[in-house]
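Please look at the structure before reading on.

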Amino acid sequence: MTVIMPTGDKKNLGKTVYINARLIDPASGYDGPGGVITTAETIQSVGPDITASSASDGTEIVDCNGLCLCPGLVDFRVQLGSLDGTCRAAASGGITSLVTLPDMDPVIDDPSIVEFIARRARKLGLAKVYVFGAATKALKGEHLNEYGLLNEAGALGFSDGLHSIQNAQVMRQILSYAATFDLLVACHPENAELAANGVATAGELTTRLGLTGIPIEAEVIHIDRDLRILEMTGGRLHINNVSTIQSVLAIKAAKQKGLNITCDTAPPYFALNDGAINGYRTFAKLSPPLRPEPHREAIIQAIKDGTIDIITSDHTPRDEESKRLPFSEAAVGGVGLNTLLPVSLDLYHNGVMELIDVIALLTHAPARLLNLDAGQLTVGRPADMVLFDPDRGWKVSENTLYSKSKNSPFDGRPVQGQVMLTIVDGRPVFKNEKAFPSS
Amino acid sequence: MNIADASADQFSHRHLLGCEGLTPPEITALLDSSEIFVEQNRQADKTGAALKGRTVVNLFYEASTRTRTSFELAGKRLGADIINMSVATSSVNKGETLVDTAMTLNAMHPDVLVVRHPSSGAVRLLSEKVNCAVINGGDGQHEHPTQALLDALTIRRRRGRLEGLRIAICGDILHSRVARSNIHLLNTMGCEIRLIAPQTLMPIGIQSMGVKTFTRMEDGLDGCDIVMMLRLQRERMNSCFLPSVKEYFHFFGLDYKKLQFAAKDALIMHPGPMNRGVEIDTEVADDVGRSVIREQVEMGVAVRMACLETLSRNLDLGRQKT
């Protein structure tokens with residue numbers, strides 16, 4: 001595929017009119033024909049009345065040819081590989097805002113690192129990059145970080161990334177202290193003792209493959225504990241990568257009880273089951289591990305009924321060496337920026353949900369949770385948008401992924417839904433030439 | 001002889017990575033071919049020339065005495081050049097990855113690689129990167145196919161058949177690749193398999209592999225024709241898997257008292273090396289009328305000769321095709 005991807009192009013922006021689009025704006029509930037006018041970096045006008053005649057002389061007109069124009073995706077959970085590579089992959093995946101996890105090298109536990117990442121990302125201009133600060137020092141699960149100062153520097157919330165906080169007293173203090181500043185705490189729910197040495201969901205498959213299993217209950221046991229602590233401390237808790245029936249039931253009950261709890265899942269957990277690891281496929285080695293089919297179905301149901309609040313890419317780039325190993329030695333995680341939209345669109349194509357409701361989980365819902373000025377087509381807001389063809393098919397392969405790392409659990413899978421144009425602050429940052437042969 | 005006709009009934013795979021998926025004719029073909037080598041090995045002159053000029057490499061990432069020696073003897077008795085590479089002397093300790101080691105060895109044009117590795121699936125990964133034939137000499141907790149073949153050969157020679165026999169496999173099933181390979185092979189050959197272990201050592205969902213599970217020796221051994229004991233590894237003896245050796249031996253160690261629940265002429269097997277007084281009582285292990293443990297070792301060499309010979313022949317057929 002040929003792609004034009006301008007970087008750092010900061011020429012003065014005029015006015016651009018996007019016409020003949022199917023506008024999808026979950027924030028307002030509008031799904032219908034229309035257009036958008038952007039002036040410089042913001043949305044000036046949006047609605048069904050915008051046509052070619054809305055353009056004055058010298059205005060650039062972009063004909064959307066009936067494709068879907070929606071707010072740029074907001075990705076709640078991304079591991080930053082290289083900033084440049086990650087941002088390119090994000091742009092090509094229609095993601096205009098993303099939040100990185102703190103478990104990188106160096107760990108995000110200092111205001112200067114938060115500012116450094118934001119500054120570099122701004123300079124690059126391909127996507128807006130936000131961070132979660134480390135909940136504990138060096139991710140050791142022992143001592144709290146400076147939540148207030150990190151938040152002032154720009155950290156949106158706190159989490160220890162892939163490390164679960166095992167000490168209940170520490171978790172209590174984290175939630176308690178974060179509540180002081182009304183900050184979001186996100187957790188990776190896994191009981192470390194039950195998961196020790198485990199590389200896949202315990203069951204018939206691990207027995208057959210001779211792999212050490214992680215019992216499914218390792219997830220809900222951790223969630224149950226954190227929900228009890230949340231009840232005690234108050235505050236805002238968010239649970240990442242929900243993947244089991246039991247977890248869904250626990251979170252649903254907590255929501256009914258009125259606890260301030262939200263959660264997410266990622267495409268692998270509603271589009272793949274543990275059979276994907278057959279043949280020791282290390283690309284399908286994830287954390288939490290892929291689950292048996294009934295759990296996948298339950299996750300779809302939980303997305304539909306609103307128990308699960310948002311969908312993230314859970315983008316975790318790994319180099320070839322760390323995946324080209326025996327299964328139990330290989331690294332966990334899969335890239336997800338390019339497959340977030342198309343695999344999520346399975347929910348629409350399979351008749352589970354309306355298109356606008358799927359888009360809401362990828363845009364408005366995460367933006368609202370993070371209090372970001374993003375995820376909606378509203379006058380005066382930043383012109384962060386994505387134009388996509390919901391039906392166009394393509395095949396996931398190392399050639400079609402834009403991230404440097406190619407470790408996709410969906411490798412080889414045909415998907416439906418292609419990003420045609422991504423706009424950040426009024427500027428095109430990704431263009432698919434199939435849609436715009438002339439430009 | 002028409003090669004196409006013959007290969008339909010024979011073991012025609014490029015590698016021997018496991019017993020899962022093998023067909024009864026394939027297993028029978030390997031066992032039949034092993035019988036010939038049993039006889040050869042009992043002669044004064046044991047050396048043939050079937051693998052003359054061939055190179056076999058034993059690549060062992062785990063300590064092993066008997067399996068490695070058995071493969072080494074098998075190769076030598078077929079006239080092959082055989083070298084041993086073990087972790088202690090190889091560049092693995094210098095941080096080279098499995099795949100890189102595989103590619104390096106591959107560049108030296110070996111004909112057969114025998115690989116043992118502590119990670120399940122590692123041998124398969126390696127087999128995807130080389131041009132030679134690969135024999136799984138044991139991968140993690142996954143498979144150990146030549147052990148299952150030698151067990152089957154031992155049983156078949158003693159009982160004249162495999163089909164319809166009731167076989168108990170006892171002990172640390174959870175960590176045992178021997179158990180998994182035996183389950184696949186013996187199931188395919190029509191045996192009834194019973195697993196006996198404390199619940200901490202019984203893998204979940206194993207029933208789906210076509211076995212019955214028991215937690216009491218008295219129940220599980222009932223009417224068994226064969227009693228296979230598994231080695232209990234030292235690190236499991238006093239851990240959260242088991243409280244103590246004493247308790248394990250009392251409830252799961254094979255002694256005459258428990259053996260009386262099995263069929264009167266039941267044979268006793270063990271893949272070795274044995275922990276006397278842990279999973280098996282010394283007297284039972286040495287009972288010449290019942291224990292076939294040493295015979296298993298003898299069959300091991302013959303089975304490995306058959307595997308080396310068969311895979312080398314398949315390599316030639318493959319080369320002819322291309």
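In chain A, helix 8 (residues 245–257) lies across strand 14 and strand 15, running at about 150° to strand 15. Axes are lines fitted to C-alpha atoms, for helices over the stretch in contact, and angles run from 0 to 180 degrees between N-to-C directions. Helices (H or I, at least four residues) and strands (E, at least two) are DSSP runs, numbered from the N terminus. This is a predicted model: local features need pLDDT of at least 70, side-chain atom pairs count only at pLDDT 80 or more, and totals for chains, interfaces and linings use all residues. Residues are numbered from 1 along each chain as its sequence is written, chains are lettered from A and ligands numbered from 1 in the order in which they are written, and side-chain values use heavy atoms, leaving out hydrogens and water.

**Sheet**
- Strand 14 (residues 236–239) of chain A pairs with strand 15 (residues 261–265) of chain A in the parallel sense over 3 bridges; pairing requires at least two DSSP bridges.
- A:Leu237 is opposite A:Ile261 in strand 15 of chain A.

**Helix pair**
- The axes of helix 12 (residues 340–349) of chain A and helix 13 (residues 355–362) of chain A come within 9 Å and cross at roughly 140°.
- Residues of helix 12 of chain A, including A:Leu340 and A:Tyr348, meet residues of helix 13 of chain A, among them A:Val358 and A:Leu362 (contact means heavy atoms within 4.5 Å).

**Sheet order**
- In chain A, 8 strands form an open sheet with parallel pairing, in the order 7-8-9-10-11-14-15-16.
- Strand 7 (73–78) and strand 16 (310–311) of chain A are at the edges with a single partner strand each, so one side of each has no neighbour in the sheet.
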